[in-house]
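Please open the structure in your viewer and keep the selection tool at hand.

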Amino acid sequence: MRKFLLAGAACNAIALGTAGTAAAEDLTLCWAAWDPANALIELSTDFEEQSGHTMNFEFVPWPNFADRMLNELNSGGQLCDLMIGDSQWIGGGAENGHYVKLNDFFDENGIDMADFIPATVTGYAEWPKGTPNYWALPAFGDVVGWTYRKDWFERPELRDAFQAEYGRELGVPETLAELKDIAEFFQGREIDGNTVYGAAIYTERGSEGITMGVTNALYNYGFEYADPDEPYSMDGFVNSAGAVEGLEFYKELYDCCTPPGSSNWYMGENIDAYRSGQVAMQMNFAFIWPGVEADPNVGGGKSGYFPNPAGPEGQFAQLGGQGISVVAYSDKQDAALEYIEWFAQPEVQARWWELGGYSALSAVVEDPDFATSQPYAQTFLDSMAIVKDFWAEPAYADLLLAMQDRVHNYVIAGEGTAQEALDGLVEDWTEVFEDEGKL
Amino acid sequence: MSDAPMDRVARATPAGAARRIRGLSDRAIAWIFVAPSIFLLLAVNIFPLIWTIRLSFTDYRVNRPNRDVEWVGLRNYERILTDDDVWATMQATAHFLIWTIVLQVLIGFALAWLINKKFRGNDLWTTIIVLPMMLSPAVVGNFWTFLYQPQIGLFNYAVAFVTGADPASFSMIGDVHLAPWAIVIADTWMWTPFVMLICLAGLRSIPDSIYEAAECDRASPWRQFWTITVPMVLPFLMLAVLFRGIENFKMFDLVVQLTGGGPGNVTTLTSIDLKREAFERWRTGYSSAYAVILFVTVFGLASIYVKALNKVKDR
């Protein structure tokens, strides 16, 4: 495999070097400010050497990422030539003319979407969903999963106590109910002289946090975005009995088993709580796992990873991750397309994984050595096999904010009931789709 | 020949230009000077205001440039004024506004009164007290999130020290009942020094002779306070209330940093709600109507208040 990749790299280097590129350009790539972005900077130095173009990067912290970048796109700004935009932006990016359609480019350059993990193609590249219209190349596969303190789970005194209390072994939970038991067990427990708590979960109000968290419970209890036979018909699916139960579960988990003051937590806060030894488990996107492994406090075998546990109606996990698109307002589109052509190469994707980026290329993740290449690699594969994503409609921001409001108000502020929250959500989403002319 | 500045300017003016200027009326010259400012005012303030009012009658969305824009009449205004969530944010804003002003005026006046007394280290204490208002509101918001942390926050530990409660047993920014007070406390901490400075200016503007005359008349310190100090500082206090009222009506950064408007919507002030409608939901027409309503409200209240202020000053 490695030889094949190296040979491919050599061929592509020659191809890129002799492709008759125009003058060297200063390209700007826009993405979120997080660990994988640093890996991308390192990866992109090869592109700069091969192409002669210069890469600049505009990284914005997650809480402001959508605001900042959607403003940029909506105003037709030319700051970004390449955009690694969130998966839910794809509908708006396509319909509002922000992204360049890539079908012809893919055909001309032999880039085949069948070579990528199907869920990432649907999630990051296609609009309308399920049609072969591509507006991005899957760039970074990501999914919500769980990290746990393996070293605590292995302590004999804790195992005995758990066995005595719950009548089973303390181990990786198979179901969400088991996860809640474990979280309850750790909540308020003294470990090494410190009070620790059960789990850090997403509760953030301002951007997308609580939605990215609660969906991991909702999906597994039977929540559906709409009737599969009747698009946008949501009553009885969004607010089904199972969905209500799932929302109640998430609130119970928040009430019983999270650290005090965790009412507005998202990725960063969960990482901090976990690394500082406050919690036994944390919900978070897979991108954090390389950082966890490298952390002196919780890395090096002290942590384990597991996919989102199953619920009564199945096992699913919230899709994260992004595709890379060429911004339609850029006047350096040719050079930007060169970057995508380079990035799609199997050897570049393999290197991307080595540096800590989650490649979405099947050849990389299906490599026999992949699952054992990192302690979290198998969990990543298992999680990517069960993903579901939020709406990717052009009106996704309206849909997301409505869900943030409804869910946060119920789970964190304790307003009303789960049924009322989801009924209200159906009303809000119906209004959005009516405004959009889709209902 | 005189060497006055005006004469020097006149001599330096080229003959042609001088002839042209001599041909203009005073009114025309005044217009020439004022025109750039008026143009800027029109471009930066008046035109956007008129454009906002126009947009408020449409369903325009800035993120959907390809979509047809429809004239919807007063529908946006009707939706806003009948929306329970908007009224909830108005209530949250009123709670924040009233309590911050009450606390800042009381504490600010008390501090000014103390600082006005001559004592050793007076200047040092004044400097220390005004430090919070020199910080950025975003920094203050961030700083208070740490103070309010149930496990490590100094505020929680201070409350625990006084009450004997477990510091981790309450969360100032995570509890729906405490969060509205959390933002009031942080804002009061930051802006009380501002009110104090204005009150101090008021106190120092009262001539000593008035107090001396009152003492000759054997007026008690209590009576002097109510009949001299309070009436003479009142215009300054009202000015402070006006400034703080306007500032806190548009409060955004400190609260966003501190609570993000949560938990639920209990600290979602109107400015935060407006920003979400305009730049997260991208309902440009709707948010323009929202902005117009807020503008009219603030403008109306401020006008009434300024009239009252002028009456007090004229007394």
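The following stops concern a predicted model.

**Stop 1: the domains of chain A.** Select residues 2-142 together with 321-388, which form domain 1 of chain A, and colour residues 144-318, domain 2, separately. The C-alpha centres of these two domains lie 29 Å apart. Where they meet, 18 residues of domain 1 are in contact with 20 residues of domain 2. On the domain 1 side of this contact, two or more residues each come from helix H2 (35-51), helix H3 (62-74), helix H18 (377-384) and strand S12 (387-388) of chain A. H18(A) provides the largest share of that side, with 4 residues. Sorted by class, the domain 1 side has 11 nonpolar, 3 polar and 4 charged residues.

**Stop 2: Gly145(A).** Next, select strand S5 (residues 144-149) of chain A, where Gly145(A) is found. Is Gly145(A) buried or exposed? Gly145(A) counts as buried because it has 27 C-beta neighbours inside 10 Å, and the cut-off for a buried residue is 20 or more. Apart from neighbours within four places in sequence, Gly145(A) is in contact with Ala286(A), Tyr305(A), Phe306(A), Pro307(A), Asn308(A), Ala317(A), Thr379(A) and Ser383(A).

Stop 3: In soluble globular proteins, nonpolar side chains tend to be buried together. Select Leu82(A), Ala199(A) and Leu247(A), the residues with the most contacts inside the largest nonpolar core, which has 146 residues. Helix H19 (residues 396-411) of chain A gives the most to this core, namely 10 residues. Domain 1 and domain 2 of chain A each supply at least three residues to this core. A second, separate core has 40 residues, including Ala92(B), Val105(B), Met196(B) and Leu269(B).

**Stop 4: where the chains meet.** Finally, display chain A and chain B together. How many residues of chain B are in contact with chain A? There are 26 residues of chain B, in contact with 22 residues of chain A. The chain B side of this contact is made up of 10 nonpolar, 12 polar and 4 charged residues.

Note on methods. Residues numbered from 1 in each chain as written. Chains lettered and ligands numbered in written order. Predicted model: local features only at pLDDT ≥ 70, side-chain atom pairs only at ≥ 80, totals over all residues. Core = buried A, V, L, I, M, F, W, Y, C linked by C-beta atoms within 7 Å. Buried ≥ 20, exposed ≤ 12 C-beta atoms within 10 Å, placed from the backbone. Domains from an automatic or database assignment. Contact = placed C-beta atoms within 7 Å. Nonpolar A, V, L, I, M, F, W, Y, C, P; charged D, E, K, R; others polar.
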